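Me: I have a structure open and want to get my bearings. Can we go through it bit by bit?

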Amino acid sequence: MGLTTRDDIQLSVANEAVGARKPMVISDTKLLRDLFYRGAVFVNPTDATAIRDGCSLALAQKQVLVQEVAQLSEERNRRWLEQAQRIEKLIAECCGAQ
């Protein structure tokens, strides 16, 4: 669970959850929805009932959320590898031909 009342905060606990492939209950902000669009239940961080209900929903949907967060982790890893390969190619073109 990671909660914030600020709109433009990226929660490191959510990145850790993705890396560990664990479902999340996190604040319902645009940035967090954009970054963690799989494997998360979004809640109002100032509403105890919403937090409770979000935790209950996450437990009830645990298997689906586990699969989704694994997909998100794989997507991020694939994207990182593609970016690294492009950079590696540019470095080889620039510096490897010397």
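**A walk through the model**

Reply: Let's begin with Phe36, which lies in the loop between α2 (30–35) and β2 (40–43). Helices here are DSSP runs of H or I with at least four residues, strands are runs of E with at least two, and both are numbered from the N terminus.

Me: Before going on, what kind of model is this?

Reply: This is a predicted model, where local features need pLDDT of at least 70 and side-chain atom pairs count only at pLDDT 80 or more, while totals for chains, interfaces and linings use all residues. Residues are numbered from 1 along each chain as its sequence is written, and side-chain values use heavy atoms, with hydrogens and water left out.

Me: OK. Is Phe36 buried or exposed?

Reply: Phe36 is buried, with a relative accessible area of 0%. Buried means under 20%, exposed means over 50%, and partly exposed is in between, using a 1.4 Å probe and protein chains only.

Me: What does Phe36 touch?

Reply: Not counting residues up to four places away in sequence, Phe36 touches Leu11, Ala14, Asn15, Val18, Met24, Ile26, Phe42, Leu72 and Arg76. Contact means heavy atoms within 4.5 Å. As for Ile26, it is 10 residues from Phe36 along the chain, and their C-alpha atoms are separated by 9.2 Å.

Me: Stepping back, how many helices and strands does the protein have?

Reply: There are four helices and two strands. Their order along the sequence is α-β-α-β-α-α.

Me: And what does the C-alpha trace span along its principal axes?

Reply: About 65 × 30 × 15 Å. The radius of gyration of the protein is 17 Å, whereas a compact globule of 98 residues would have one near 13 Å. That radius is taken over C-alpha atoms, and the globule rule is 2.2 Å times the number of residues to the power 0.38.

Me: How much of the protein is buried?

Reply: Buried residues are 28% of the 98. Of the contacts with a separation of 6 or more, 48% come from residues 24 or more positions apart.

Me: Back to single residues. Where is Ser27 found?

Reply: Ser27 is in strand β1, residues 24–27. Ser27 is buried, and its relative accessible area is 0%.

Me: What is Ser27 in contact with?

Reply: Leaving aside neighbours within four places in sequence, the contacts of Ser27 are Gly2, Leu3, Thr4, Leu32, Phe42, Val43 and Pro45. With Thr4, a polar atom of the Ser27 side chain lies 2.6 Å from the backbone nitrogen. A polar contact is a pair of N or O atoms within 3.5 Å; within protein, one must be able to donate a hydrogen and the other to accept it, and residues adjacent in sequence count only if both atoms are side-chain atoms.

Me: How far apart are Ser27 and Glu68?

Reply: They are 18 Å apart in space, C-alpha to C-alpha, and 41 residues apart in sequence.

Me: What about Thr29, buried or exposed?

Reply: Thr29 is buried, with a relative accessible area of 5%. Thr29 is found in the loop between β1 and α2. A polar atom of the Thr29 side chain lies 3.2 Å from the backbone nitrogen of Leu32. Beyond its neighbours within four places in sequence, Thr29 is in contact with Arg6 and Asp7.

Me: Which residues does the side chain of Gln10 make polar contacts with?

Reply: The Gln10 side chain reaches the backbone nitrogen of Ser12 at 3.4 Å, and makes a polar contact with the side chain of Asn15, also listed at 3.4 Å. Gln10 lies in the segment before α1 (12–20). Gln10 is partly exposed, with a relative accessible area of 35%.

Me: Which other contacts does Gln10 have?

Reply: Apart from neighbours within four places in sequence, Gln10 is in contact with Asn15, Leu31, Leu32 and Leu35. The C-alpha atoms of Gln10 and Phe36, 26 residues apart along the chain, are separated by 9.8 Å.

Me: Last one: what is phi of Arg21 near?

Reply: Phi of Arg21 is near 60°, a positive value in a residue other than glycine. Most residues other than glycine have a negative phi. Arg21 sits in the loop between α1 and β1, and is partly exposed at 34% relative accessible area.
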